[in-house]
Amino acid sequence: MIPLKEAIKFHGHLGPYLVLGLLAGELGLKKTGAKKYFGLEIKVYGVNIKPKSCLIDGLQLSTGATYGKGNIRKYASGRIKVIMRNTEDNKAVTLRLKGSLIKELDNLKGHVNSENFARRLLKIGKQKIFTLN
Ligand SMILES: [Zn+2]
């Protein structure tokens, strides 16, 4: 996993959506077997406004798919969803946030709470954060 310090240095602050992007990218790579940087394509939905858009930086950092290379794109949606595809064998996975987690995220207020929640996300395990299909 990308050290959190590196992610914060790149992104500028620690927040839950940055961490969710890091975790989603890591999980997507594992499930698709895609190679970082050039062996994948990502479509990310529902992250057009801050703080949700912070998720995009986490995804870029953990997968190496970047806007510069054009292998990550965002789409408008009411709900966050990440589709990752291995471009070598077309194996794809769709990740969504669990409903209970979405409620907690929507209720977060203030920087300190957000930072604490971000750190907690790193510890609770991806199976409690995402649903896969
Ligand atoms: Zn952010």
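This is a predicted model: local features need pLDDT of at least 70, side-chain atom pairs count only at pLDDT 80 or more; totals for chains, interfaces and linings use all residues.
K69 lies over the face of F38, 5.4 Å from the ring centre. A charge counts as sitting over a ring if NZ of Lys or CZ of Arg is within 6 Å of the ring centre and within 35 degrees of the ring normal.

Residues are numbered from 1 along each chain as its sequence is written, and side-chain values use heavy atoms, with hydrogens and water left out.

Let's stay with Y45. The structure holds one aromatic pair, and the rings of Y45 and Y75 form it: their centres are 5.1 Å apart and their planes are at 25°, so the pair is stacked. Here, rings of Phe, Tyr and Trp (its six-membered ring) pair if their centres lie within 6.5 Å; planes under 30 degrees apart are stacked, over 60 edge-to-face, and the rest tilted. Because Y45 belongs to strand β1 (residues 40–45) and Y75 to strand β2 (residues 72–75), the pair ties together parts 30 residues apart in sequence. Strands (E, at least two residues) and helices (H or I, at least four) are DSSP runs, numbered from the N terminus. Y45 counts as buried at 17% relative accessibility, whereas Y75, at 30%, is partly exposed. Buried means under 20% relative accessible area, exposed over 50%, and partly exposed in between (1.4 Å probe, protein chains only).

Now find the zinc ion. Its protein donors are H11 (NE2), H13 (NE2) and C54 (SG), 2.0 to 2.1 Å away. H13, in the loop between α1 (4–11) and α2 (16–32), and C54, in helix α3 (residues 54–63), are 41 residues apart, and this pair links distant parts of the chain. Donors are N, O and S atoms within 2.8 Å of the metal (3.2 Å for Na, K and Ca); water is not among the atoms, so sites may look incomplete. H13 is partly exposed at 35% relative accessible area, while C54 is buried at 9%.

Next comes helix α2, where 14 of the 17 residues are buried, so the rest of the structure largely encloses this helix. After α2 comes G33, with a positive phi near 70°.

Finally, look at S114 in helix α5 (residues 111–124). S114 is buried, at 18% relative accessibility. Leaving aside neighbours within four places in sequence, S114 is in contact (heavy atoms within 4.5 Å) with P16 and L108.
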